[in-house]
Amino acid sequence: MTDLSLYRNIGIFAHVDAGKTTTTERILKLTGKIHKTGEVHDGAATTDFMDQEKERGITIQSAATTCFWKDHRFNIIDTPGHVDFTIEVYRSLKVLDGGVGVFCGSGGVEPQSETNWRYANESEVSRIIFVNKLDRVGADFLKVVKQVKTVLGANPLVMVLPIGTEDDFIGIVDLLTRKSHIWPDPGNPDKFEIGDVPEDMVDQVEEYREQLIEMAVEQDDDLMESYLDGEEPSIDDIKRCIRKGTIALDFFPTYCGSAFKDKGIQLILDAVVDYLPNPTEVKPQPLTDDEGEPNGEFALVSVAEPFRALAFKIMDDRFGALTFVRVYSGVLNKGDTILNSFTGKSERIGRMVEMHADDRSEIDRAQAGDIIAIVGMKNVQTGQTLCSKDNPCTLEPMIFPDPVISIAVSPKDKSSVEKMSIAIGKMVAEDPSFRVETDLDSGETILKGMGELHLDIKVDILNRTYGVELEVGAPQVAYRETITQEIEDTYTHKKQSGGSGQFGKIDYRIKPGEPGTGYVFSSKVVGGNVPKEFFPAIEKGFKGMMENGPIAGFPVLDIEIELYDGGFHAVDSSAIAFELAARGAYRQSMSKAGPELIEPIMKVDVFTPEDHMGDVIGDLNRRRGMIKDQDTGTTGIRIKADVPLAEMFGYIGSLRTMTSGRGQFSMEFSHYLQCPRSVSDSVVAAEKERQEAKSKK
């Protein structure tokens, strides 16, 4: 039986280009998992194994691998940095116990770092911080530490200080041991010299060491008392306190180095062992009822408990369908039959594998704490619970964001229609933020995703991986509709045509809801004028109409409907009569409630060299952007703005032109906001034109 205290399930996450994948490569090299280090810029990184990842030098899907350090087993997930693929980060954090947040020494806390940090906070994942690329121009370790405090609102615990900066960066000083670690040979991470603190750093080291100890001993009242009396705690006691505070998320041990130059990675590995939790030290996953609400029970991490696991990722590769699973409790053996609590169906476990990026090794047994892949499961989707047949349960599910952008696609030749359908089915199972629907009138296939890059990659995968060439339409914005006025109205559905009739009368209020609430139905009927058994039918009737707004047929958001009175007939009233009454009421009243078109607003974060700042801000203003914040850094300026998605298509090309190729940006969905009248009119006119064109086909 494996000792769970020797397990570390960790993720590595950061902004694009902060060095996550390079850091992972160095960890794999140091732990003996690989013998030659692959570079991201050469397209040779172990965990970037998709063609699209190799070409673009970015990580698109999270990759799992296992390695060992000082008798401890590390299950590592390297996650993407690009905002269009944050779903990969979110679902990885959901099943991890700890993480390494990588920040660029010169770029600092960048936009995607903030998003990932927020996800990690929501998932209550303990983290250590690695400030990478200290050999870069403009790198400043202590400035990044300050940004972690101010931008992320986090509490960094400085564990090391750099020796030299930029080209002169040669190593680090470990504050706990007061020893320097210097790497004279950049290509050989195993060879480093341990020595004394450089003379010019002695005072700085003592100052930061004192801060470290003061913050650590706050975790233990007795140690703190002794320390205040002038007695310095032992290194083991300090480490114990740091571990306690890290697991409690009170602070985050902070390191620095250069992954590319092989400097500082050993201390990160030691910190994972010393300070990040094993599976038994994190809060157990809550179990939920059929509605997804916590039922007060938990999946305790123990091999003695019944089998419980979460499927957090589906991947289709050359060997068939893989279901990535985090085992929370119990043991799973090859040949076992388990239950999918969502579908109620049982499946027999044929093959289990331990993953190393896209390679695998067969295993016969997995236990609580393991992250494995199961081959050939047919009916499992992301976020579903796998459990023992004798002890059915449901783990807290994952919640995925709705897409904000869509494109229409069709295969270039008719023979590819079926091939495209099968391929898209596999891709939707792999990525819950990727949605597909068919326009029934035009027969077009509509792909929906989180951004231009997201859909661009999907089209590329369809073409190269599955051999489907597509005709691709222009990107479409996911407009929505809402209302601005409250109205009271009444509607009677009455039908008499021989035999039993239909009767349902409802008195209702329709009013604008709080932003982000979607559709809310409530009933204030008293006295039985509308029997309670008809409330669900009325709610269903209204809800079924929300997909079709009164202005241009876009789905309706943020609306409250309150039933306050009505009438029924003892013979002619039925659930279907009241459902039809609700549908008629919707058609009758929505156009009177001040309907408005609303559009997705994106949180945009732009980096530009200072001399191009005026052009960039002017351009954002022309795109109807609202500038929220500006932050001056050593190498340029970060501008934060809220900009309508409709104005952001092709922005990367414009930004590169304005900044001579030096600008960067990222964006993510923020909220919906009312469209200006001119925009609304043109969108409605275009939608009507499209509907007319479809009806003529």
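At a relative accessible area of 43%, E124 is partly exposed, because that label covers values between the cut-offs: buried means under 20% relative accessible area and exposed means over 50%, computed with a 1.4 Å probe and protein chains only. The model you are looking at is predicted, so local features need a pLDDT of at least 70 and side-chain atom pairs count only at pLDDT 80 or more, while totals for chains, interfaces and linings use all residues. Residues are numbered from 1 along each chain as its sequence is written, and side-chain values use heavy atoms, with hydrogens and water left out.

Let us stay with E124 for a moment. You will find E124 in the loop between α4 (111-122) and β5 (126-132). The names of helices and strands come from DSSP runs, numbered from the N terminus: helices are H or I runs of at least four residues, and strands are E runs of at least two. Most residues other than glycine have a negative phi. D71 also has a positive phi, near 70 degrees, and is not a glycine either. D71 sits in the loop between β2 (63-69) and β3 (72-78), and its relative accessible area of 68% makes D71 exposed.

Now step back to the whole chain. The protein chain has 16 helices and 37 strands. Of its 697 residues, 55% are buried. The chain exposes about 30,500 Å², and carbon and sulfur atoms supply 48% of that area; accessible areas come from the Shrake-Rupley method with a 1.4 Å probe, and for residues only the protein chains shown count as cover. A contact means heavy atoms within 4.5 Å. Among contacts with a separation of 6 or more, 71% are between residues 24 or more positions apart.

Is R480 buried or exposed? R480 counts as buried, because its relative accessibility is 17%. Leaving out residues up to four places away in sequence, R480 touches F554, P555, L557, E596, L597, I598 and Y672. With neighbours within four places set aside, T482 is in contact with V556, L557, D558, G594, P595, E596 and I598. The side chain of T482 also reaches the backbone oxygen of D558 at 3.4 Å. Although T482 and M590 are 108 residues apart along the chain, their C-alpha atoms are separated by 9.3 Å.

Aromatic rings come next. A pair of aromatic rings is described by the distance of the centres and the angle of the planes. Rings of Phe, Tyr and Trp (its six-membered ring) pair if their centres lie within 6.5 Å; planes under 30 degrees apart are stacked, over 60 are edge-to-face, and the rest are tilted. By this rule there are six aromatic pairs. In one of them, the ring centres of F103 and W117 are 6.1 Å apart and the planes meet at 55 degrees, so the pair is tilted. F103 lies in strand β4 (residues 98-104) and W117 in helix α4, so the pair ties together parts that are 14 residues apart in sequence. Both F103 and W117 are buried. F534 and F578 form a stacked pair, with 4.8 Å from centre to centre and 25 degrees between the planes. This pair links distant parts of the chain, 44 residues apart: F534 is in the loop between β32 (519-523) and α12 (535-545), and F578 is in helix α13 (residues 575-589). F534 is buried at 11% relative accessibility, and F578 is buried at 0%.

K458 lies over the face of F434, 5.3 Å from the ring centre, and R509 lies over the face of Y564, 4.2 Å from the ring centre. The rule asks for NZ of Lys or CZ of Arg within 6 Å of the ring centre and within 35 degrees of the ring normal.

Finally, look at the cysteines. How many disulfides does the structure hold? The structure holds zero, where a disulfide is a pair of cysteine sulfur atoms within 2.5 Å. For C387, the nearest cysteine sulfur is that of C393, 4.5 Å away. C387 is buried at 0% relative accessibility.

Conventions:
Polar contact = N/O pair within 3.5 Å; in protein donor to acceptor, adjacent residues only side chain to side chain.
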